[in-house]
Each structure stands twice: as structure tokens, then as C-alpha cells.
Amino acid sequence: MALLEVDRLVVEFPGRRGTLRALDEISFSIEPGEVLGVVGESGAGKSLTGAAIIGLLEPPGRVASGQIRLEGTRIDRFTDAQMRPIRGRRIGAIFQDPLTTLDPLVSVGKQLVETMQTHLKLSDRDARARAVGWLEQVGIPAAAERVGAYPHQFSGGMRQRVVIALALCAEPKLVIADEPTTALDVSIQAQIIALLRRLTTDHGTSVMLVTHDMGVIAETADRVAVMYAGRIAEIGPVRDVVLHPSHPYTEGLMGSIPQLEHRVERLRQIDGAMPRLTAIPPGCAFNPRCGRVLERCRVDRPDLLARGTTLAACWNMVPMDDVT
Amino acid sequence: MSSVLEAIEVSRRFDVSRPALQRLLSGERRRILTAVDAVSFDIPRATTLSLVGESGCGKSTIARLAVGLYAPSEGEIRFEGYPLSSARAQPGLRRKMNMIFQDPYASLNPRWRVRDIVAEPIRAFRILSGQKAIADRVGGLLSQVGLSPADGEKFPHEFSGGQRQRISIARALSSEPEFLVCDEPTSALDVSVQAQILNLMRDLQQRLGLTYLFISHNLAVVRHMSDRLGVMYLGRIVEQGRGEDIFRNPQHPYTRLLLDAIPDVAMVGRTRAPVSGEVPSPIAPPSGCTFHPRCPLANERCRVEKPSHTRSADVMVACHAVQEGRA
Amino acid sequence: MFSFILSRILQAIPVLLAVGFISFAMFAFVGDPVTIMLGQDYTEAQRAALVSQLGLDQPFFVQYAKFVVEAVQGNFGISYRLARPVGALIAERLPATVELALTAAVLALAIGLPLGVYTGIRRNSALSRLIMVFSLLGVSLPTFLIGILLILVFAVQLGVLPSFGRGDVVQLGHWSTGFLTASGRRALVLPAITLGLFQMTLIMRLVRSEMLEVLRSDYIKFARARGLTPRAINFGHALGNTLVPVITIVGLQLGGLIAFSIVTETVFQWPGMGLLLVQSIGVADIPVMSAYLLLIAVVFVGINLCVDLLYFAVDPRLRANR
Amino acid sequence: MNAVSRFLDSDFVYQFWRNPVAVISAAIVLVVVVGAVFAPILAPHNPFDLVSLDLMDSLKPPAFTAEGDPHFLLGTDDQGRDVLSGIMYGTRISLLVAVLAIGFSLVVGIGVGLLAGYAGGAVDAFLMRVVDVQLTFPSILIALLVDGVVRAALPRSMQEQLEIYVIVFAIGISRWPQFARTIRGSTMVERQRDYVMAAKVIGLSSGRIMLTHILPNVMGPVLVIATLNLGLAILDEATLSFLGVGLPPTQPSLGTLIRIGNNFLFSGEWWITIFPGVTLAAMVLSINLLGDWLRDALNPRLR
């Protein structure tokens, strides 16, 4: 059974000029121990997906329809009190900016102890010992001395390590990592990604890795979901999606990334920009920018269709003779 | 080929000490941040020099030094053969340089209409007079960067990030410059939009014969844009040369580290070897070669002696290991 | 930490000197003390004698230096109106004002702080909205009007509390206290409420808005994402971070009570420094005015110092850096 | 779409109509302001026209009470002046003083704040030190002292006619530091923004950058604070007048009216002081509610 199943999830923001659909019927699942990358441009809805799963949508955002199932249990209708034993304990979270995600007035050890004692039956002594252990695991030097240190005494990269320890310390089955390396320098990025990869493999934790950086996804994820305008454009094993993209958007996205290996005169570019949520065109949301647009793309919204191991929401997936 | 901008042993220091009284009472010394440390480069006409490095390496300080927003603490910058400060004092030369900024949301005055934003340099330098002539020119500039002349009536918030960056480019072009400093022009943009802007900048360079100083933290973007390249670490250029040469055969250990650390879509399935350590504070940089605490090749000499730049093939490198043939 | 406090004290000295300079300038340039003290009929000899006695014939900065030296010793000259040393006048009135301000401060803090926290956490509950409306009323009603209304209800209509004065006081050395007698305590009730109400609503609104700000921060979101209980989030994380910015303003507000008591003391004829000041301003009694100004400056410097020390207790970022 | 219709269609106007508190407050402010500004036309009597006063009309209770006189809706005072008309003329003076005082402190505060924020360094350190020191003193104390000193310095003959300017100056000087600090804070943020850098790169002068680029971008928050301070300035004026160092009975503001009426409170003529008091409270409350709403509406993070 899949660890997490998201089924036709719709997230809406009711507003003055009508209701905005920020996530429009997205479906995917995460298997135990798997790393699912979620990639897309800003505003595509990738962070919102994570917030919806953990039940922390900013009001007035709400899950309008669809289901979220964690190990078979529906959690999308859970109240805040019902979600509390799940957050941290079964689904952990890592945020983008390590400088703002830690309470500046509480020592890192205390934040760890507090998190573990909320979810696990631990004596103060055991919790403290485990806190030191976690700091060691995430690679904080001299962990035993630094367990009483405050966040400002750590550098940005070290703080992100502490955040990872906090996300994993109550031993969740799934971690949602929302742009965990975006605020960091490249050489630190590599360290954090390697750490996340190693710890989640060791503990058998699944990861939903949300990022805009295709490179990070390529080397970290098992499967990847490409999001566009609140919908999933393509989802499949990372190698297939990166090397042989099915959806024209994914294809354009890959072409527009400058490469280190070889230099080209011009980058492939997708003209225009992703539509605002207020002005999503009918049919396929990508149709105004698409080079392979068909007549029905402007009218009907394509469902995810299989092509080999990947699924892509594109009418070009349908063999010509199937079109009636 | 004459050089447009030339930097000779330029340093820039900032005083980041605490207030004098407290320093006196606690008996601590002044704290000086050396953002740029004896940097030399020159940019030949109609070419692009890129500077790349991690945060705090001094690349943005150089961008500001190059357009005269900061004065060098030591050394000299020459623009079209004149010392920068005297070049900046002449409107006819000052208008030949302009700048494109990182954050498309902060680089346009939110209270101004786009047409006034783009026209500001035209008015400031009195390049054209008469409302009609200015309006026509602004319309032309907007078309040149891929917007419609009618967009001039709108305010910046009505545009997406990529479109704003186009407006920013139109403004930079309106003073009819020959030299543009581009400070991380695409790092706030999504990749598909980044490709549009990079392509636009290269088209403009070819059409108008522009000279670029291009600042970025993204090696792949730098590789795509530059003729020549400087890799910076803690205020110093550790390796400088033709982009082709450096990417084909990186010599400085830091350049190699950077290249290894970059996640690359082509690397799918492979994992990079992460490098240990973090960038030290530029207020108290390590002794000798500032990179030695993270360097796999460091020895006693590296800890003590600051390496000088030496030419190796066509590339300038500041590294004892390279010089000694240990690299 | 010691050097930090020392530097704070050293920084306060120029401030005190500047305020002293303003006080002195009031002396030197406003009105003619000689005419005021001698009245209409005087001889040139009398005038010259007084001028040299007051040191008015000396250069400006010498006069200022003398003024500072005298002021440090608590010597502020003679009140024009009452013809008594200003230092003694103020010493007499100080206890009344301090006791009033202290009571009002305790009131404002003890009620304002919890209400602010409550309305911050339960921002949308009906009770919070009600409290907010009342708090705006507290900010919008002028102090003197509140005083008048309280007198009207509790003194005139119900007749349960006195409407003016301090009641019986007990002399403890130089200090006269109203805390020790029943009538003194009763007399304190209405003025303290009047004085404290405005600060209370201010503190409450401030705590609330800071609390809301903190509750929106990333680390609170992260705490929720870790499944911490609302109790741990609100009191373990949010409250402490709320207090950091609140401390300064609350400190200054409470210091302001001493000065704010001017109005309350006038309404209730409370025999404190504020009443003395109002009476002095009416007849341009400059020595009293300048002494009062200096005294308030000293109070604020003291409060600022306490605030800085409190920061050390609350914020680890300061402890490590200094 | 032209500017007016675009404004009417904006989220700002939409939010205003959706918020009953804001609408009611705005209505109250509107009524009070119109009544005050057009007092000479709208007021039923002219309290300054000594010829029309009749001591026979003195101390009449409000019209809606048993002994009320329908000519005097809110009753009369001891001189036979109509309380309602007195309030309208008094509000006029209170508003005039408050608006002038806030205008004065805005000009000073914006000037100092822009200079300090843009220049930075020693200029900034000095100006902000002055601001800090003054902010430690409650504004009412500053106003009181300034008022007292200026009056003592003026020749007695000029005191009466200059009184209104003295009080405007006293209140204005007591409130500028807040504006200066706010403007300085936002100026320091704006100064670092790239659009200011862009203006510097083409060599614009600092004065031009401050006025054409920074000023329009820092005015928003300060105008909101100015709204809230308008209410406080009205209270300051009333308090000064109540303490007897404000406006004289020949130019009675709301505060003066309350002080005069206070003498009759214990003898049962409550209307002389209560009605001006209610007017004052309602006006200030409405301004505060409106200012509060404005602050929230313009702060996108709170939505």
C-alpha cells in the first residue's frame, strides 16, 4: 500500500472576485522509502501541495474536494486537534529558510527535546540523550556541547541541519521538504542534500522534495512530478522525465536550463509566462505557450495519460487513430 | 581590442565595528570587512566578463565599484581609459554605463509608470527633448525588449517578474550605454523565464555591441553567457581566464569544488561528492590562502603564505598547489 | 555585559547634559527672574546685588556649569511663585506622585499584559472583539474625561470613594505614604484607575499586535508542523518572542506615567509633582519647570537601563554577542 | 477604465464597504467635520454674538427633557449660550488646531526622517538621538512645557491673539519624532532598493532621488500614523485647554467647553460638560477606528 495517496485534490482560495483554484485535481502517491520530487515554477502550487497534506494551509485557503490518505486513512477532513499527533510524528516538515524557522529564544536542544516528548514517551534524560544523538547524526560538530546553544550561534547551513534533525526526531514516515536548499550556497546545498538522502535512507523515511531546481531533483529523487498552474503536467521516474520528457512543458523546461557540459548559442525558450490563477485558459493550461497545440487542447483539459512509465497530461499522448 | 573597463589591484574595505564607545570599553579592535581584495581584470569591448562565487565573495561589491556606487579603498578603476571618478563626472561618459539588477520587484519604482521609468535616463541626460520624441523612443525601447509600446502606460506591479526584468533592461538601454553591469539579472526568475532573458541579453549584445560585466552565483548561467570568467572566493579572484579553458580544465581547487557541487540535470541518478566546510567570515579570513581550511591540497605553505596570481596556460590562477605542480 | 551597561550609562550622560542645557536655557532666556523676584519696586542697587547673587553677570557657559553642579546636588534654585527652594518642594511632592504612578503601573501591567496575550491568541473570538472595542474607547477618551466620569459615578452618585486629595498619610522619614492608612488607600483607587487605564489599553493593544506578528512567523509555523500543542506554541515560543519588542515600549510607557500624572493629579487635586507643575506653568515659574524636566529625564534614563538589563534576561542573542 | 472608476472598483474601497465599523466611523467623522466646517451656516445660534445672548436663557436643560426649551436642542450654559452651537464652533477650533499641528509635525518629521535615513552615518546618529530623547518624554508633557515657555517668552499683549499658534506649535513640536522615526525607517529600506541604485547609477542628485523616488514610497505608513495622531492631537489640545493652559474662553475649543462645564457638574447641570465630552470622545474614537482600519487594510500581510 502506498504511504501517501493524494487523489484529485482541489485547494481553493475564496476571494472577492470569485474563488481561485490554486490546486486543480492533482493526484499522486508516495511509496514507503521513496523520494518524490515536486518541481515547478513559482506559483505552480508545489509548496501549497505540501501545506495541504500537513494541514497547514493559510486561511482562507481550504481543501475543496478530493482526498488525502495517509496509510489508508483519510486525513484531509481532520481537525487541527486530529492533525496534531500526525504532524511531526508521522509527517515531518522542512522549511526553506533556516534563518527564520528556528525560534531564536529557545536552545536547539530544548526544541528537539520538546518535539520528541510531544510525540514519544521519553524521560527528560532519554530525550536529552537522543537530542545529542540527533545533532551528531546531522553532522553538528561537538554536539554534546552545542545542544544548549541558541540558533543564532549556528551558521545557515548548520541551522538547516538542525531543522532536519527537528523534522526527523519524532521518526515520521514521510518528510515534506519545501525548498530545503534554496536559501543556501551551492557547496552547502550539496552537503544538505546528501545528508537528507542519507538519513532518510537509514530510517526508511519517504520524502516529498519540493523545489524549483531541476538539478536537485535529478540527483535526489526517485520519481518526479512536474507542476504547472496548479496541475500536474507530468509524473514519472526521474530518469525518464528528465532525459525523455513527454509533456511539451517539461521538454521546454529541460531545454531552457543552461548546461555545464556543452555551450549552446541560444537556449531553448518557452515564450510567455505561466498564467496567473485568475486567468487560466480553458482546456490545457499550457496551450497558449505550447508548440504542439492541438484543436482540442483549447477546449478539453487532458487527464494524466500513460506513456511507458510516465504519465503526462497532454493530448499529444493519444495516438492519432484513437481520436474520434 | 581596447578594454572598456579595467580594474587594477582594486580593494574595498568596510568598517563594521561596533560603536566607538563600546569598543573602547570592551577593549576590542576595529573590525574591517575586506569585501574585495586586490582584484584586477579588464573587459575588452563587446565581450562579457563574468564573476562567479558564493554569497559573501565580493562579486556584488565589484558590480557597485564598477559603476561608481562605491569608491575603491585602494587601486584604480578606469573606464574608456579615464579614471572612473572623472569619467562619472562627465555626463557624456557617465551615460555610457548602466546597470541591470537582481530583484525585478525592487528595481522599478512602484509608484512610477513604466514609460517614466524607462524615460528617466533620457531626461536625466537630456538625450532627447520634447514629449513626442521621448515617447517614441520609449516605445521603441519597449519593443526592442519584447514588450508592447502600450505597456508604457502601466505600473510595474501589472507585470510578471520576467516582464519587469525586460523593463529594467529597456531602462538600462535608454541612456544608449556601451557598458552594462548585470548583477545577478536572472537569479530571481524561474528557469523558463531565465532562458528568455539570457537570450534577449545575448541578442542585444550582438546587435548593439554591448560590453557586459556579468555577476552570478550560477556556474551554468555564467558558462552560457561569458567570454571570460573570474571565480571569486572571499574577495579575491582565484582563477581568471577564458570560459572555455576554465570549464574544460579547471585548475584552482575551489573552481573544481564549485563545478563538482553543482547539481546538474545531466547527472541524473549520480550523486555528487559533497564538499565539507563552509565559507569563513570575510571579517576574519583564514591566514595565507583563504581557501586552505577547505582545500584538499593545502599544505603548510598555504596556511602561511598568500598565493600570487600566476599564468598557467592562458589562465591566471592564485594557488600554490597549481604553481608547484601538485594539483 | 559589564562594558555594555557602562557604555549605556556613559551614553546617558550627554543626554542628561542636553536636557540640562534646555532646562538652563529656559532659565536664562525666558522671562526676567530679577523682575519676577523683586516685584515692581526696587532700586538699582538691589537689582545689581541680586544679579550678582544669582550669578547672572557671569559668562553664559560659566552659568551653565554652575547650574549643572548645583543641579547634581539637588539644588534647583528658588520657586518664583512660592519663594521656597525647588528641591525641597519637589521632595515633598515626590512620594505622592510615585505612589500613584506605581499603583497605576501595576494595574496597567497586571491587566494589560494578560488581556493582550488573550486577544492575540483568540483573535477572532467574540470576547476578544469586545475587549478590543473597549480598548479603543480607552485610547479615545481623554484622561480628564475618564476622571470626571469616575468622580461623577463613584464620588457624586454613589458616594463610596473620595473625589480629591490623598487621604491620611503616614510619615516614614522623608517619605510620606498613603499605603498604610485605609483612607489613603481609598483615595488612591480612582486616580490610579484614571491614570492606569490609558496605559493599560496601550499595553494590551501593543502586546496583541506583536503577538499576532509573532504568530505569523516561520518558526511558529514550523512549531505547528512539528505537532506541538497549542499551549507549547503560544506560551513556550510565541510569548517570549512577543515580549522582546514589547519590553522597551512598555518600559517607556510606564515611565511616562510619572509625567502623565499631570492630568490625573489636576482632576483629583492630588498633591503631587504634576499638580505643582501645572500650577507653575500657569504663572511661568521657570525653576520648577526646569527642575521637573530634569527629574523626568533622570527617571527615563533609569528606566532605559532597566529595560536593557531585562533584554539580557530574555534574549540570548544579546547575551552571546556582548 | 479611468482612475476614479478604478479606485471605486479597488479592493480598498470594497473592503471599506464590507466593514461596518469603518463605514460608521467614517460617517461620524463626516458629520462632525461638516458640522464644524460649516458651523457659521449650520449652527442654530452664534455663541460669539453677544447681542443675541439673553441671560434669561441661561442653564436651560436639553430640549428632550421635561423643562427643555425647543430652541436649544442640547440646552444652554450659564451665559445663555446654546450648547449645540458652542460644540459646533468648538469642534471647528479643535479640528483646526489638530490639523495644523499634525501638518506642522508631518513637515518637520518627514524632512528630518528623510535626511537621517538617506544620509545615514553621523547625521543619522545625531538626529535619531534627538528623536529618542524626545520620545522618552510623553508628548503631552512636551506640549505643556513648550506652551508654558513660549507663553512666558511672549509679551503679555500678544499672548491672547497668538494663543492658537502657540498651541499649534506646542502640539506640533511634541509629535514630530514619531513621524521622523517612521520615515527614517522606511527611507533606510527604500534607499537600499535597486530602483534607487538605478537612479544613482545615472548620476541623479541626492535631493532629486529623495523627492522623486523615495518620498512617494515612504508616505503610505506615515499617513496612516498621521490619521491616528490626529485623534491624539485633538486629545492633546483638549487636555491642554482643560488644564487651563490652552485656548482661552474667548476662543473655546471642546476642551475649554468641558473645563467650563466641569464647574457645573456637581450642581446638576450635566449637559454643559457631557455633550462636548461625548462629541470629543465620538470624534476621536471614530478617527482611531478609521485609522486602525486603514492600517490593517493597507497592510497586506494582515489580510
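Which residue forms a salt bridge with Glu12(A)? I looked this up to open my notebook.

**Entry: ground rules**

I am working with a predicted model, where local features need pLDDT of at least 70, side-chain atom pairs count only at pLDDT 80 or more, and totals for chains, interfaces and linings use all residues. Residues are numbered from 1 along each chain as its sequence is written, chains are lettered from A and ligands numbered from 1 in the order in which they are written, and side-chain values use heavy atoms, with hydrogens and water left out.

**Entry: salt bridges**

I noted that the partner of Glu12(A) is Arg21(A), with 3.4 Å between the closest N and O atoms. For a salt bridge, a side-chain nitrogen of Lys or Arg has to be within 4 Å of a carboxyl oxygen of Asp or Glu. I found 54 salt bridges over all chains by this rule.

Next I checked how covered the two partners are. Here buried means under 20% relative accessible area, exposed means over 50%, and partly exposed is in between (1.4 Å probe, protein chains only). Glu12(A) is buried at 13%, whereas Arg21(A) is partly exposed at 35%.

Glu178(B) is partly exposed at 27%, and Arg45(B) is partly exposed at 29%.

In chain C, Glu213(C) and Arg216(C) meet through their side chains in a salt bridge of 2.9 Å, N to O. I wrote down 31% for Glu213(C), which is partly exposed, and 29% for Arg216(C), which is partly exposed too.

**Entry: aromatic rings**

How many aromatic pairs does the structure hold over all chains? I noted 18. Rings of Phe, Tyr and Trp (its six-membered ring) pair if their centres lie within 6.5 Å; planes under 30 degrees apart are stacked, over 60 edge-to-face, and the rest tilted.

One such pair is Phe24(C) with Tyr64(C), tilted, at 5.6 Å centre to centre and 45° between the planes. Phe24(C) sits in helix 1 (residues 2–29) and Tyr64(C) in helix 4 (residues 60–72) of chain C, 40 residues apart. Phe24(C) is buried at 4%, and Tyr64(C) is buried at 12%.

I then turned to Phe24(C) and Phe67(C): their ring centres are 5.4 Å apart and their planes at 50°, so this pair is tilted. Phe67(C) is buried at 10%. Ring pairs link Phe21(C), Phe24(C), Tyr64(C) and Phe67(C) into a cluster.

**Entry: charges over rings**

My last look-up was for charges over rings (NZ of Lys or CZ of Arg within 6 Å of the ring centre and within 35 degrees of the ring normal). Arg146(A) has its charged end over the ring of Phe154(A), 4.3 Å from the centre. Arg296(A) has its charged end over the ring of Trp315(A), 3.6 Å from the centre.

Note on methods
Helix = DSSP H or I, 4+ residues; strand = E, 2+ residues; numbered from the N terminus.
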